[in-house]
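Take a moment to look over the chain before reading on. The paragraphs below walk through its parts one at a time.

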Amino acid sequence: MKRLVLFDIDGTLLSAGGAGARAVRRAMLEVYGQTGSIAGYNMGGRTDPQIVRELLVPAGYSLDDVEAGLDALWTAYLRNLREEVARAPIRPLPGVPALLDRLEGSGDPTVLGLLTGNVKEGARLKVNAAGLGFDRFRVGAYGSDHWQRPELPAVAARRAREKTGIGFQGKEIVIIGDTPFDISCGAHLGVRTIATATGTHTAADLAQHGPDYLFDDLSDLDAVWRAIME
Ligand SMILES: [Mg+2]
């Protein structure tokens, strides 16, 4: 059974305990001098560049102004994130290490990947800090590839084809995530969606968005495996 299995990071593979949000907030203060209405803003499912746009544009910034600061912002963000993850341990969410081991060890042409709003280096930092091994994910599509999440599934599929020579389409592409944005981002490609209520959304909330499969967490290894492979 060939599968391209694409995991979201925050709230799906791991909980960073707010380290990412704190690192973004500090970086925005350093580079733009303000954070917009960050206190009531839910970052879940949004890409890093989308977060910065959605906070600064309502505060009066033009997209050009936002864009002009982004290189400096990511430099500051990654420096801050390194400090934040060193301060508080990041742990994988229930069932995740065993699921990754099983997928990696399967004899099928199963390709492990990431589909996340994190910029790539932020993704690397978080995944490695949780002990999950960033390099085991053979393909990735990141917030640094595009600021809109629905652009990312096609990026991941193209990279998988370039890397493995295998084309994945429709339900062979599996997107696993914790927000409505994870569920909807690959709808135009007809992907398979697995939602896990380990982030900021409850299972009842996620159910309203019609994922193919829904779990309270990823700890029921056999059930999650079937959801991916059936
Ligand atoms: Mg997430």
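This is a predicted model: local features need pLDDT of at least 70, side-chain atom pairs count only at pLDDT 80 or more; totals for chains, interfaces and linings use all residues.

Residues are numbered from 1 along each chain as its sequence is written.

Start with the domains. Their bounds come from an automatic or database domain assignment. That assignment gives domain 1 (3–16 + 90–229) and domain 2 (19–87). Taken over C-alpha atoms, the centres of domain 1 and domain 2 are 24 Å apart. Their contact takes 23 residues from domain 1 and 17 residues from domain 2. Two residues are in contact if their C-beta atoms, placed from the backbone, lie within 7 Å. On the side of domain 1 that touches domain 2, the elements giving two or more residues are H5 and helix H7 (180–184). Helices (H or I, at least four residues) and strands (E, at least two) are DSSP runs, numbered from the N terminus. H5 gives the largest share of that side, 5 residues. By class, the side of domain 1 that touches domain 2 has 8 nonpolar, 9 polar and 6 charged residues. Here Ala, Val, Leu, Ile, Met, Phe, Trp, Tyr, Cys and Pro count as nonpolar, Asp, Glu, Lys and Arg as charged, and the others, Gly among them, as polar.

Now the sheet. It is open, and its 6 strands run in the order E5-E4-E1-E6-E7-E8 with parallel pairing. Two strands pair if DSSP finds at least two bridges between them. Strand E5 (139–141) and strand E8 (213–215) are the edge strands, and each pairs on one side only. From one strand to the next, the twist averages 20°. Axes are lines fitted to C-alpha atoms, for helices over the stretch in contact, and angles run from 0 to 180 degrees between N-to-C directions.

How many residues of strand E6 are buried? The count is 5 of the 5 residues of E6 (residues 173–177), so the strand is largely enclosed by the rest of the structure. A residue is buried if 20 or more other C-beta atoms lie within 10 Å of its own, exposed if 12 or fewer, and partly exposed in between, with C-beta atoms placed from the backbone. Ile173, Ile175 and Gly177 point one way from E6, while Val174 and Ile176 point the other way.

E6 pairs with strand E1 (residues 3–7) over 4 parallel bridges. There, Phe7 has Ile176 as its bridge partner. E6 is also joined to strand E7 (residues 192–196) by 4 bridges. Ile175 stands opposite Thr193 in E7. E7 and E8 pair over 3 bridges, and Ile194 has Tyr213 in E8 as its bridge partner. Helix H9 (residues 221–229) packs on the sheet and touches E1, E6, E7 and E8.

Next, a helix pair. Helix H3 (residues 63–87) and helix H5 (residues 120–129) pack at about 10°, with their axes 10 Å apart. That makes H3 roughly parallel to H5, a term for angles under 35 degrees. Tyr77 and Leu81 are among the contact residues of H3, and Gly122 and Leu125 are among those of H5. The residues of this contact divide into 6 nonpolar, 1 polar and 3 charged.

Finally, Arg136 lies in the loop between H5 and E5. With 12 C-beta neighbours inside 10 Å, Arg136 counts as exposed. Leaving aside neighbours within four places in sequence, Arg136 is in contact with Leu100, Glu104 and Leu112.

Key:
Angles under 35 degrees count as roughly parallel, over 145 as roughly antiparallel, 65 to 115 as roughly perpendicular and the rest as oblique.
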